[in-house]
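Here are my notes on this one, in numbered points. Have the coordinates open while you read.

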Amino acid sequence: MSEKSTLGEYMEDQKYRDEDDLPEKLEGFKNKYAEFDLNDEGEIELMGLKRMMEKLGAPKTHLELKKMIMEVTGGSSNTINYRDFVKMMLGKRSAVLKLVLIFEDKANSTPCKPEGPPPKRDIASLP
């Protein structure tokens, strides 16, 4: 399936049309998905998912990985295809894989602490 038809499919879908920054999100999903499609066959299989989780600092056992794949695919497949991946990322349901990816994006995009020294405070300004 061409990337353009997949983009159009989600842009026209009533469920996703109101999603903020949908084209940018889909582009990010495509890049993240491609990173872990180890065999370039358009699916993430167990070893690709294992590598993804290790890279994200959240290694999982084979049983946990199988459960994650079942959670994303609804038990219909042993691999995660791109359509299932996007449905998971845009859907309202929380899947373990989605939570890990969202956490990783937030951790990489925003500094946890403000830059520079803390502001000077005097006793009167304390609560």
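1. A definition to start with: buried means under 20% relative accessible area, exposed means over 50%, and partly exposed is anything in between (1.4 Å probe, protein chains only). By that scale Glu 54, at 42% relative accessibility, counts as partly exposed. Over the protein, buried residues make up 31% of the 127 residues.

2. Some housekeeping. This is a predicted model, with local features needing pLDDT of at least 70 and side-chain atom pairs counting only at pLDDT 80 or more, while totals for chains, interfaces and linings use all residues. Residues are numbered from 1 along each chain as its sequence is written, and side-chain values use heavy atoms, with hydrogens and water left out.

3. The fold, in outline: the protein has six helices and two strands, running α-α-β-α-α-β-α-α from the N terminus. Helices (H or I, at least four residues) and strands (E, at least two) are DSSP runs, numbered from the N terminus. Contact here means heavy atoms within 4.5 Å. Among contacts between residues at least 6 apart in sequence, 44% join residues at least 24 apart.

4. Which residues have the most contacts inside the largest nonpolar core? They are Leu 49, Met 52, Ile 80, Phe 85 and Leu 97, in a core of 27 residues. The term covers buried Ala, Val, Leu, Ile, Met, Phe, Trp, Tyr and Cys residues joined through side-chain atoms within 4.5 Å. At least two residues of this core come from each of α2 (22–36), α3 (46–55), α4 (62–73), α5 (82–90) and α6 (96–109). The largest share, six residues, is supplied by α5.

5. Seven of its nine residues are buried, so α5 is mostly covered. The buried set is Tyr 82, Asp 84, Phe 85, Val 86, Met 88, Met 89 and Leu 90.

6. Now the charges. A salt bridge needs a side-chain nitrogen of Lys or Arg within 4 Å of a carboxyl oxygen of Asp or Glu, and the structure holds three. Glu 27 pairs with Lys 30, the closest N and O atoms being 3.4 Å apart. These two are three residues apart in helix α2, so about one helical turn separates them. Glu 27 is partly exposed at 38% relative accessible area, and Lys 30 is partly exposed at 24%. Glu 54 and Lys 50 form another bridge (3.1 Å, N to O); both lie in helix α3, four residues apart, about one turn of the helix.

7. The remaining pair to inspect is Lys 55 with Glu 35, whose side chains meet at 2.3 Å, N to O. This bridge links distant parts of the chain, with Lys 55 in helix α3 and Glu 35 in helix α2, 20 residues apart. Lys 55 is exposed, at 57% relative accessible area, whereas Glu 35 is partly exposed at 30%.

8. The side chain of Asp 37 does reach the backbone nitrogen of Glu 41, at 3.3 Å. Not counting residues up to four places away in sequence, Asp 37 touches Gly 42, Glu 43 and Ile 44.

9. On annotation, UniProt (unreviewed entry) places the feature "domain: EF-hand" at residues 24–59. UniProt positions are given in the numbering used here, feature names are shortened, and annotations may be inferred rather than shown by experiment. In the model, that span is 64% helix and 6% strand, with its end C-alpha atoms 28 Å apart.

How values were computed
Polar contact = N/O pair within 3.5 Å; in protein donor to acceptor, adjacent residues only side chain to side chain.
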